[in-house]
Amino acid sequence: MTINNKKKTSLIRPNRRLFLQGTAALAGASALAAPSIGRAQSKELYINSWGGPWLEAATENLFTPFTEATGIEIRTVSPVSFAKLAAQVRTGVYEFDVTTLGGGDIVAANNAGLLEPIEESYPGGLFQNGVGSHAFATMMAWRTDAGWDETPQSWADFWDVERFPGGRSLQRYPARVLPLALLADGVAPEDLYPLDIDRAFAKLDEIKEHVRVWWTGGAQSTQILRDGEVDMIGIWHGRYFEAEDAGAPVDFTWNQAELDNAYWVVAKETPNMEAAKMFVEFATSAEPLAGFVSQANYGALNPAADAFVPDAAKPRMPTAPGNVEQTFGQDMLNWGGDPQEVAMRFDEWLAS
Amino acid sequence: MGFKLSTLPDRQNIWPWLLLAPLAIYLALFFLVPLVEVGIMSVTEPPPGLANYERVLTGSLYRKVFLNTFGTALLVTVCCLLVGYPLAYLMSTVSKRAAMAILLLITMSFWTSFLVRTYAWMVLLGNNGPVIWLMQTLGIQDPPPLLFTRFSSTLAMVHILAPYMIMNIYTVMQKIDPSLIRSAESMGAYGRSLFRHVYLPLTAPGIANGSVLVFVICLGFYVTPVLLGSPREQMAAGLIGNQIEQFLAFGLGSAMAIVLLVVTLIILGLYHRRFGLDKLYG
């Protein structure tokens, strides 16, 4: 069973896995084949999935090869939930063993003790008990049918509703949005961190009434760009290419695109620890990672993977030469404030 | 004999209660226990004490969101009533077969998933959707944006909740004895005065039941306002979700949930004193 009795709280939370395992335990008690059932349980690994193109690429390049190599079946659980990760550790009932976190969340998760200590599977790959998987970008994209005479170049243009009139959209996620506001206000990328929080909010005031949607899900961002609900958007690059591939009249720039790293993490004290750690090591090793990032257009964080990435995949990768020079990175350890407090302030700002 | 009757419950009267036991146990396990946990979380996390409640009750954001939640629920209830009352009246006057056909049309929307209905409104009201297209064809330059406004979220919620209102009112209207109307007419009540003094009071229980159901369900709406509404008009459920999902603020989220629950119970209590909750079931 996956109930960890050491935890203080013992919430009764109905949960598919617990139910299945409870049934399995009952079946085991009544049959004589109990040991084989016990073994069968450790042959499954539950992974929190982002769905969409991420899941396709992960299934083909990470999950299936891992199962072939180890015999451990992989089941996916949606949606990706930071809160669920916390609830699991709190209740001792695990719905997933492994998940990915971005730079903003991993620091908070590690500070809250939600992450299992893990080994560095390639040199320089360890950050806050997560192993670096891939980079993704938040970049500026727009509708080419918006009727503007010029092409927007930078976040300053995103803020310029005189030259580029039309609806805007940004992610409802201040850790990514505040740096964009500062760039629009003329701060150089190398001087961003620590962030001048007050200045960023002052700049956000200027664009607030033009932001029609603060998107919260990747699929939602693609939809509002593809359907022309807004004319300019700060969007994850993978989600942008989805809209482009669907034939929408859209364009983008790598200039001032904001790089974010995704890390594989293991849920603290999960009963599937061994398989979980094996998977993280596998998923960040050169060849599987190269296949995954090539299919999903991410940038591999393990440099050894580069050798296996075909040239044809590179133009859509934010970390490829020619693209990466135009981007800027995050510095979560020198962020300029407590991200949680800033996020609460952002919420209050949004409603005011 | 009399002594026995007053202390020991009649054997036959125990049965109905025993039949309720599975439901009672189910509710206790899966509803009451988690609810108590939520209550405990709201006063123990992160520091033990009432800090979370202080924040929820005094913070400008929370006050604004709660006011908006109750305001929206009220608006949706009134809209449902304005849409539902005439429709229920129509159903009560046409033939049984026609009434069934209308009822089928209304309940059909229940068979469609909640998310699908919400996305359908996105398609209809979008910048490239049929409504904007019609406005442009009719010569309206620069039609106002419909999506991601208070208008679009209210419209979608009314669409989802109107059946509750209609069915409640229809049930009451159906039971009205036609001879009451005829005798009112014979006493000289016509048109507006017939409606105001006879028909409306007779249908009042249906209005009250439908309104309280729509209002209470609307208070907890999550997906529709998040996907269709304006970012400035958040509802409580969305904010609670955000507190927990983004900030892991389980205590604060729990406190908000408890406040929402208590206010809802107060409203139900007022309703009970005025109309009686038992009327909801029949």
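In this predicted model, D142(B) is exposed, with 7 other C-beta atoms within 10 Å. The residue is found in the loop between α7 and α8 of chain B, and its phi is near 50 degrees, a positive value in a residue other than glycine. N129(A) lies in the loop between β4 (126-127) and β5 (130-143) of chain A. With 19 other C-beta atoms within 10 Å, N129(A) is partly exposed, because a residue counts as buried at 20 or more such atoms and as exposed at 12 or fewer.

Cis peptide bonds also deserve a look. One joins S78(A) and P79(A), with omega about -10 degrees; P79(A) sits in the loop between β2 (73-77) and α4 of chain A. Another cis bond runs from Y193(A) to P194(A), with omega near -5 degrees, and P194(A) is placed in the loop between α7 (174-184) and α8 (197-207) of chain A.

Turning to a helix of chain B, α6 (residues 114-125) has 12 residues, which at 1.5 Å a residue should span 16 Å; the end C-alpha atoms are 17 Å apart, in agreement with that expectation. Buried in α6(B) are T118(B), W121(B), M122(B) and L125(B). Viewed down the helix axis, the buried residues of α6(B) fall within an arc of 105 degrees, so they line one face of the helix. These buried residues pack against α7 (130-137), α8 (150-175) and α11 (223-228) of chain B.

Within chain A, the domain assignment gives domain 1 (16-134 + 261-324) and domain 2 (136-260 + 331-351). The centres of the two domains, taken over C-alpha atoms, are separated by 29 Å. Contact between them involves 16 residues of domain 1 and 16 residues of domain 2. On the domain 1 side, α3 (52-70), α5 (103-111) and β9 (250-266) of chain A each supply at least two residues, and the largest share, 4 residues, comes from α5(A). By class, this side of domain 1 has 7 nonpolar, 8 polar and 1 charged residues.

The contact between the chains takes 21 residues from chain A and 23 residues from chain B. For chain A, the elements giving two or more residues are α4 (82-91), β7 (211-215) and α13 (339-351). Of these, α13(A) gives the most, with 7 residues. The chain A side that touches chain B divides into 13 nonpolar, 3 polar and 5 charged residues.

Note on methods:
Residues numbered from 1 in each chain as written. Chains lettered and ligands numbered in written order. Predicted model: local features only at pLDDT ≥ 70, side-chain atom pairs only at ≥ 80, totals over all residues. Expected span 1.5 Å × (residues − 1). Arc of directions from axis to C-beta. Contact = placed C-beta atoms within 7 Å. Domains from an automatic or database assignment. Nonpolar A, V, L, I, M, F, W, Y, C, P; charged D, E, K, R; others polar.
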